[in-house]
Amino acid sequence: MAKRPVLQDFVVERDESRCVACQACVRMCSNDVHSYDPETNKVESDSAKCVGCHFCESFCPTKAINIKRSASQFRENANWQYRDIANLVKQAETGGVLLTGMGCDRPYPVYWDHILLNASQVTNPSIDPLREPMELRTYIGRRPDRIQWTVDSGQWTANKKQSSSIQHPASSIQSLLKLEIPIMFSAMSYGSISYNTCVSLARAAREIGTFWNTGEGGLHPDLYEFGKNTIVQVASGRFGVHKDYLETASAIEIKIGQGAKPGIGGHLPGEKVTGDISRTRMIPEGTDALSPAPHHDIYSIEDLKQLIFALKEATRYSKPVGVKIAAVHNVAPIASGVVRAGADYVAIDGLRGGTGAAPLTIRDNVGIPIELAIAAVDTRLREEGIRNQASLIAAGGFRNSADVIKAIALGADTVYIATSALVALGCNLCQKCYTGKCNWGIATQDPYLTKRLNPEIGTQRLVNLLRAWSLEIKEMLGGMGINAIESLRGNREHLRGVGLSDTELRILGIKAAGESW
Amino acid sequence: MEKLVADKDYRVASGCAVVGIMNQDGKKIDGSAVISSISVMRERSNGLGGGFAAYGIYPEYAGLYAFHVMYKTEQAKGCAENYLNKEYTIEKTEPIPTRKIMGIDSKPMLWRYFLCPRGGNSNEEDYVARTVMHINSGINDAFVFSSGKNMGIFKGVGFPEDIGHFYRLDEYSAYTWIAHGRFPTNSVGWWGGAHPFGLLDWSVVHNGEISSYGINRSYLLNFGYRCALSTDTEVIAYLFDLLSRKHGLSFEVVAKILAAPFWSDIERMPPEEKDFFTSLRIIYGSALLNGPFSVIVGNSGHMVGLNDRIKLRPLVAATSGETLYLASEEAAIRDICPGPDRVWMPRAGEPVIGKLNDRRASSVVSRT
């Protein structure tokens, strides 16, 4: 059989009347789509190489470029769609596992779009956030069921007593993570994303009063100054884990799983393991950084408990130790076990959570949507009377402030965002993070590309995003007549479902739209 | 009567009138004053619910739990009595005395029992609370609406003054009276849904709507409280029971949990105080009552008035000698106390706390 022509996803349209052959696009594109022909003095484009990142289109000085989906169409077939054929062709040619980046893009139900929020009318005044205080402050970590201080005759002078009911010398309340808004930046490792992206996230977290997460790539020495706003990860590869790393952080997160690839470990292709990354990860330059699928010291829940307490011992119980798991079918009992094993928070990453590199088939077919996972876990922990013992962090595809506030009403203490943050930095979800050729300077280590992301501007854009979302959250909260976010947390009375089955409503623990209290 | 217990799943948001009168020396007055006071605020009710709580009314049975129970059917009565007989020694069973009043009709069967649990229970109050929850959520058409010692709740569908006359409250004398006139906005009136809501010797009357209801209910579930009624008032009673009785917190602290100070205010406090309030909000965030409310909570030794944290509902307080008055409107206080020593509007989240000065003097049985 003859070699099959390469299928092209996108068509690069060039308006010849606008193009001045300045060759900016030729220099810009890391995928070598554009080329200049001196003989004709024209810039040509090889559409087959285009990944659809829209960088050249965004920066073409004369607006001559337009990236469109490929016009070439196969015969309609509900079963065999374009992507099925295209993927099959790639595998026939390479014999390899299909890789991809970012979160699942398949049309599974997005429950956020089937959940509606409440507002006050007449019987209960709505509160105007422009005129009244509106509180979003959130604390993350284990807390006792009751206050152990005694108060003398009206004086708030407290007599601190160590609780005897706390099984372990848990981190004190003072060590809880204090978030000014219930949104944190989710784990993205240095290596999967560029240094400038890390800097932007860290600075924005500090400015807003929230946290960013190192992912499993270690912490670049220059970023230790952001420790007060940093959560560090300990993953199965243990990349970059050492004493200072643990001590600098405000919290430690044991990464068991990730929503984009439940059941397998992190993959960083050797192409992205350049000098600083190899030093930060403490691995040789150019080697693939492949985290084992399980932690090889965690084969069951009691092993997890040992690691949690090993990390607590190592940091003298001075900071929360959380555990991140992927939302899988059995997520509720797993989360319960994790809390009982001593985790101060459980982070759950849903089906649509992003990744820098994952096998396509795993990303698109494994796990469950975060909405259902939040509801199931919150319900389960409450039924067991242990919901107070740990915080619940939800992750996986939060697109806007409404998704966030719905997650909180379902029972999450806070959410992790990552894809949204990258979009704020320029990403257009071309899903090619694993190639290391990110034109936007985000998911790449090529110095020519990384310098495109100015960390000053990046920080400002992330701060803008968080500020905009928090303003919107305040508006929605005030509309519900609530002036503190903790009064919405797990308050599913303020949610109603549309177009959902009875089973889905039951799992989400919400009533159908039209049903009153 | 439309409904009795069939509407247990109905959550009731309401605008209302509240009154509280407490003689802190334990001197008793009959029910006519409180009836007169609440009737001043007739505008604030719509005839779909009224009720009273009275403390110190059963001195002859002061050591026994007084259960007030409403039944819709004989069968429900049989069921509940069977259950009570098994678990409790019942000293006395009698219908609650009532008189015929125009406007009060289709009443349920109203019975009261003076009883104590059989056998030694390590925690008698928890046991009684569980019994109440069991009957209210487990036995159809039976509803325990009062379960404290030496106190009683009287309530039903009608204007509060009519309910007061119906229950012959002029024949009882109490050192604390709490009253409520209801303006339910989204429910057919039903007898069990009227205020006060009670558990053990707690009684709660409430004007407002608790927007944080969903999380408050889930939080209470953590501690074994099952909200059978789905009214926000029930949540307030359970929170007081949990925080005050079980966690041993003073009413001052309970008030600062239910109507927590803002973070911006906490930031300005001296370090010790800041630490304390920060911990309080971190630990008890799910117990914060959000939304507009003015509430009066009573137990054997106390009466507490409290507003939400931005005072979205009215509450006025006054003192005259050892008597503390609380009401939605000043007129209701001046109706029965024309020249109070002091009248003031409690600030948002600032509790007004009445305490019985010498509890033995009033033949109140000391709480364990």
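Modeller: A residue is buried if 20 or more other C-beta atoms lie within 10 Å of its own, exposed if 12 or fewer, and partly exposed in between, with C-beta atoms placed from the backbone. By that count A:Arg316 is exposed, because 10 other C-beta atoms lie within 10 Å. This is a predicted model, in which local features need pLDDT of at least 70, side-chain atom pairs count only at pLDDT 80 or more, and totals for chains, interfaces and linings use all residues. Residues are numbered from 1 along each chain as its sequence is written, while chains are lettered from A and ligands numbered from 1 in the order in which they are written.

Most residues other than glycine have a negative phi, and most peptide bonds are trans. A:Arg316 has a positive phi, near 55°. Its loop runs between helix H7 (301–314) and strand S17 (321–326) of chain A. Helices (H or I, at least four residues) and strands (E, at least two) are DSSP runs, numbered from the N terminus.

B:Asn150 is not a glycine either, and its phi is positive, about 55°. It sits in the loop between strand S7 (142–146) and strand S8 (151–156) of chain B. B:Asn150 is buried, because it has 24 C-beta neighbours inside 10 Å.

The peptide bond between B:His195 and B:Pro196 is cis, with omega about 0°. B:Pro196 belongs to the loop between strands S10 (176–184) and S11 (197–199) of chain B.

A:Val346 touches A:Gly322, A:Val323, A:Ile325, A:Ala335, A:Val338, A:Val339, A:Ala390 and A:Leu392, leaving out residues up to four places away in sequence. Contact here means C-beta atoms, placed from the backbone, within 7 Å.

Note on methods. Contact = placed C-beta atoms within 7 Å.
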